[in-house]
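Please walk me through this model, starting where the two chains meet. Then turn to the build of the second chain.

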Amino acid sequence: METFILVFKVLGFGDLCLYPASFEYYAPASLDEAIDLLNKHREEARVLAGGHSLIPMMKLRVLRPAYVIDLNRVKGLKYIEEKGGEIRIGALTTYYDVITSDIVKRRVPILAECASVVADPQVRNWGTIGGSLSHCDPSGDMGSSILALRAKMVAKGSSGERVIESDDWFVGSFQSALKTGEILREIVIPTPKPGSGGAYLKLERKAGDYAIAAVGVQVTLDGSGSCTYAGIGLTAVGPTNLRAKKAEQALVGRKVDDRVIEEAARAATEDCRPTDDPLRGSAEYKRAMVGVLTKRALNKALADAKRSR
Amino acid sequence: MTALIYPADAKVRLELTVNGERRVGEAEPRMLLVHFIREVLGLTGTHVGCDTSNCGACTVVLNGRAVKSCTVFAVQANGGSLLTVEGLARKGRLHPIQEGFWEKHGLQCGYCTPGMMMAAYDLLQKSPNPTEEEIRRGISGNLCRCTGYVKIVEAIEYAAQKLRSDPSWRSGGD
Ligand SMILES: Cc1cc2nc3c(=O)[nH]c(=O)nc-3n(C[C@H](O)[C@H](O)[C@H](O)COP(=O)(O)OP(=O)(O)OC[C@H]3O[C@@H](n4cnc5c(N)ncnc54)[C@H](O)[C@@H]3O)c2cc1C
Ligand code: FES
Ligand code: FES
């Protein structure tokens with residue numbers, strides 16, 4: 001957000017206008033109705049979930065949708081459930097719901113850890129997992145955990161549903177794989193096997209800020225202590241949330257000791273693509289921090305994995 | 001059921017419960033809740049500090065969830081239940097959170113105070129017996145330029161204790 005304000009000031013827009021441009025407001029009662037409205041108005045419309053990225057951008061007039069389609073009166077988009085080896089999370093589930101869910105705490109604690117370092121309590125009360133993923137901010141925290149867990153996104157449009165792998169979701173900065181007219185309905189996470197652990201660690205300038213860099217790690221160990229699964233997602237160090245593939249490769253199939261952890265952390269510094277920025281530091285600094293955070297997150301995730309074996 | 005439709009630029013009639021009372025007011029869709037509260041409802045206890053979702057001075061509780069009211073549209077509150085700082089006291093008695101700020105000197109200029117109190121209200125609903133660290137995290141969405149936060153934390157500790165010993169305050173207000 002500061003980046004937007006900065007750009008505005010640099011471009012000489014002078015006094016910021018903190019009142020959105022006018023729009024027509026729709027509050028559909030069903031998802032199909034929301035999809036119909038979205039397909040009628042296409043690029044001129046935006047759906048409203050938690051509103052905690054959309055409304056700030058509308059206030060800054062970065063976005064001026066002519067139609068706003070509020071999803072909050074649509075029933076059945078807010079749930080966390082586990083069945084058949086999968087955890088399903090409705091798009092309108094808030095960060096607060098994620099943090100307080102027993103299923104999340106038991107099965108995918110990385111998500112609770114991640115949601116609890118997003119912004120501040122008020123934002124976590126309102127911001128949604130579906131909104132965060134659709135917004136596709138490279139500094140968004142949720143995306144990295146979703147990559148680490150290799151979740152799938154279920155999108156619904158006028159011609160039905162399709163499932164999008166997390167590897168294909170993050171198309172570009174502020175650009176998800178959703179097509180115009182589609183709504184993200186659900187996030188599906190394969191339930192981690194016994195012997196799994198996860199961690200999300202974020203470095204921030206001040207409480208509640210976007211990350212300087214952050215790392216999400218999910219691992220599984222077999223009975224002999226070999227790593228059978230490694231998922232690592234990186235926040236704020238590339239054009240999108242990134243998967244640290246070399247770092248994952250450094251772990252899978254090996255007994256993970258300190259040497260292997262060092263190797264994976266070094267690989268993560270090669271996987272990331274940070275840029276210099278005036279607010280949160282140089283590319284060199286962020287790259288170094290990716291190494292530190294990866295190492296710490298791995299130690300934490302591995303300790304949990306050993307405990308749950 | 002079909003969609004509610006509020007045309008752009010036209011004022012729509014909103015009906016909601018505000019601090020326990022039914023209130024009616026008009027807003028166009030783009031009006032932010034904080035402006036509705038201050039300018040239409042005339043409740044000026046809710047402050048605007050930054051207008052960019054950062055300072056928390058505008059925090060209110062909408063449908064049981066604290067929110068920065070500069071980051072939600074008034075139309076989203078239609079039919080809902082709103083608690084503002086004016087709704088904390090009961091029958092002329094200060095709410096324990098207000099009493100805490102009074103007793104522990106939790107304010108200097110007072111600009112951040114209404115938002116701090118509403119954030120504290122949210123925190124104590126979720127976590128009646130918070131540690132100091134939890135309190136600090138609980139108000140991490142609220143900025144204070146005067147106090148250095150120490151006295152605010154003490155005020156909330158006071159309120160937590162008072163609320164635990166007098167549960168009649170726990171339910172209600174909103
Ligand atoms: C002060 C502040 C601090 C913040 N700090 C952080 C932070 O540290 N880390 C972080 O990750 N985020 C942060 N955020 C952003 C916050 O997490 C947002 O809530 C989140 O990015 C968007 O979720 P939302 O539900 O609010 O979405 P909205 O704002 O409602 O929507 C965002 C975008 O996604 C689209 N959209 C929403 N839901 C769907 C859907 N189901 N299908 C299709 N499109 C959809 C909307 O049309 C819009 O374009 C912060 C926000 C604020 C105001
Ligand atoms: S005025 Fe709403 S957060 Fe500052
Ligand atoms: S008392 Fe002055 S801003 Fe907090």
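Ala27(A) has Leu4(B), in strand S1 of chain B, as its bridge partner. Three bridges join strand S1 (residues 24–27) of chain A to S1(B). The two strands run antiparallel. Strands pair if DSSP finds at least two bridges between them. Strands (E, at least two residues) and helices (H or I, at least four) are DSSP runs, numbered from the N terminus.

This is a predicted model, in which local features need pLDDT of at least 70 and side-chain atom pairs count only at pLDDT 80 or more, while totals for chains, interfaces and linings use all residues. Residues are numbered from 1 along each chain as its sequence is written, and chains are lettered from A and ligands numbered from 1 in the order in which they are written.

Now take the whole interface. In chain B, 31 residues are in contact with 29 residues of chain A; contact requires C-beta atoms, placed from the backbone, within 7 Å. Three elements of chain B give two or more residues to this side: strand S1 (4–6), strand S5 (65–68) and helix H3 (113–126). S5(B) gives the most, with four residues. By class, the side of chain B that touches chain A has 14 nonpolar, ten polar and seven charged residues. Here Ala, Val, Leu, Ile, Met, Phe, Trp, Tyr, Cys and Pro count as nonpolar, Asp, Glu, Lys and Arg as charged, and the others, Gly among them, as polar.

Next, chain B itself. It has five helices and six strands. Along the sequence they follow the pattern β-β-β-α-β-β-β-α-α-α-α. The radius of gyration of chain B, taken over C-alpha atoms, is 16 Å, close to the 16 Å that the globule rule gives for 174 residues, so chain B is as compact as a globular protein of that length. That rule is 2.2 Å times the number of residues to the power 0.38. The C-alpha trace of chain B spans about 45 × 35 × 30 Å along its principal axes.

Chain B also divides into domains. An automatic or database assignment gives domain 1 (12–85) and domain 2 (96–166). Their C-alpha centres lie 21 Å apart. Across the boundary, 14 residues of domain 1 of chain B are in contact with twelve residues of domain 2. Strand S4 (residues 59–62) of chain B gives the most to the domain 1 side, with three residues. That side has seven nonpolar, seven polar and no charged residues.

Conventions
Two residues are in contact if their C-beta atoms, placed from the backbone, lie within 7 Å.
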